[in-house]
Amino acid sequence: MVATILSNPIKDQFPALDQMVSGHPLAYLDSAATTQRPVAVLEAMEAFYRHDNSNVHRGIHSLSVRATDHYDDARRQIARFVNASVPEEIVFTKGCTEAVNLVAQAWGRQNLTQGDVIAVSEMDHHSNIVPWQVIAEATGASIEPISVTQKGELDISSLRAVLATGKVKLVAFKHVCNAIGTVNPVSEVAELVSTHGATTLVDGAQALAHIDVDVQALGVDFYAMAGHKVYGPMGIGALFARKELLEAMAPYQVGGGMIQKVTLTSTTYAPVPEKFEPGTPNVPGAIGFAAALDWLSDSGKQRLWNLESELAHQARERLQSINGLRVIGSARETAPIVSFVMEDAHPHDIGTVMDSEGVAIRAGHHCCQPLMDRMGVGSTARASFAAYSTQEDVDALIRGAERVVEIFGGKC
Ligand SMILES: Cc1ncc(COP(=O)(O)O)c(C=O)c1O
């Protein structure tokens, strides 16, 4: 295994990784914040701007037709990647945050009322918590937490207890935890939720790059995605929504491009998904997103998962053997994300020392303050791995952690 990892040829396809930082070769271990982009994605986006740049859906000239074809193809590719039953079930958004806001505002306003409960996991990203708080306030619904165990897993018994009240209308949780790596049992939860007649929204921001996502097999109603977490560009994401839900929802934002007929006093809307995509869409973003998913499929997702998992496992084991260092979370199934704290150094100090060694990690609460509270920490240092990660990256991470111990001490 180590031999293959040492020579990870995929890394050469990522130009941003080929640089020195603080006099060391860059070890980029911040892919959970955003991945790097392969040449295939950069070229697909550049080709659009160089040859086909035009607005979509509004022109009959050749460039506009080509741009529209590329945009529609991108939607089809994303639908295929997550096995949506039809491309119309994919709505382009700015990212995962906007996808959740769309559901909270468009579905929530129509379907929630006084006395209803939105169940949100304690593990969730702020972008899958705050939109529910806002819509709860607006509709009179309330939020009930789904607890997390000390290992950092969803406490299914707490979900059962909340569902047993008979008041739950929607359950929101993430597929993969960005802060500590937990992979949640999405199909098990979705089945439980649907037997109680509630709707499921899954934040898939961290899953798409690592795990095969089949929205039909998972049995979810809504699944939110982010292009930049899966080797695609920033500023583009997508919402999968079951078509009948989408068709019943009123638009979230309104304006040009999403209408059928406008008079000065009334409007009828375009069919889905256009109804949810007002204004000029992020066409190069959609093209780059689709190119990223193609690239990932062509590169062999399972093989990459094995490689990333092996590296993260090694990192976890080696970090744990460092005096004064504690890994946070011990879920049975994890994505390649390792979060840790050190007794004598704040995570921000760890991040600064790591950077001086050329190692890019993230330090903070990872937009998961309720989870940090649950795990009894204010923040963590986080190393996250991706398709281009190598054995050298793990070695650099360990050297960085040892350097932190040298500087700050590290007794347990
Ligand atoms: C689990 C999770 N959900 C949501 C988001 C927000 O995604 P976006 O940046 O696409 O809005 C992130 C980004 O860190 C995340 O990790």
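Student: In which sense do strands S8 and S9 pair, and over how many bridges?
Tutor: Happy to start there, keeping in mind that this is a predicted model. S8 covers residues 199-203, and its Leu201 stands opposite Phe222 in S9. The two strands pair in the parallel sense, and the number of bridges is 3.

Student: Which residue of S10 stands opposite Tyr223?
Tutor: Let's look at the strand S10, residues 237-241. S9 and S10 run antiparallel and are joined by 5 bridges. Opposite Tyr223 stands Phe240.

Student: How many residues of S9 are buried?
Tutor: Take the directions in which its residues point. Phe222, Ala224 and Ala226 point one way, Tyr223 and Met225 point the other way, and all are buried. S9 spans residues 222-226 and is mostly covered, with a buried count of 5 of its 5 residues.

Student: How do the residues of the shell around the ligand divide by class?
Tutor: Good one to check in the viewer! The ligand is surrounded by 13 residues. Gly95, Cys96, Thr97, Asn178 and Ala226 are the closest, and Ala226 is also one of the buried residues of S9. By class, the shell holds 4 nonpolar, 7 polar and 2 charged residues.

Student: Why is the protein chain described as being as compact as a globular protein of that length?
Tutor: The chain has 14 helices and 17 strands. For 412 residues the globule rule gives 22 Å, and the chain is close to that value, so it is as compact as a globular protein of that length. The radius of gyration behind this is 22 Å.

Student: Which element gives the largest share of the side of domain 1 that touches domain 2?
Tutor: The domain assignment gives domain 1 as 2-30 + 300-408 and domain 2 as 42-297. Their centres are 29 Å apart, and 24 residues of domain 1 are in contact with 22 residues of domain 2. Helix H11, strand S14, helix H13 and strand S17 each supply at least two residues of that side of domain 1. The largest share, 4 residues, comes from H13.

Methods:
Residues are numbered from 1 along each chain as its sequence is written. This is a predicted model: local features need pLDDT of at least 70, side-chain atom pairs count only at pLDDT 80 or more; totals for chains, interfaces and linings use all residues. A residue is near a molecule or strand if its C-beta atom, placed from the backbone, lies within 6 Å of it. Ala, Val, Leu, Ile, Met, Phe, Trp, Tyr, Cys and Pro count as nonpolar, Asp, Glu, Lys and Arg as charged, and the others, Gly among them, as polar. The radius of gyration is taken over C-alpha atoms; the globule rule is 2.2 Å times the number of residues to the power 0.38. A residue is buried if 20 or more other C-beta atoms lie within 10 Å of its own, exposed if 12 or fewer, and partly exposed in between; C-beta atoms are placed from the backbone. Two strands pair if DSSP finds at least two bridges between them. Domain bounds come from an automatic or database domain assignment. Two residues are in contact if their C-beta atoms, placed from the backbone, lie within 7 Å.
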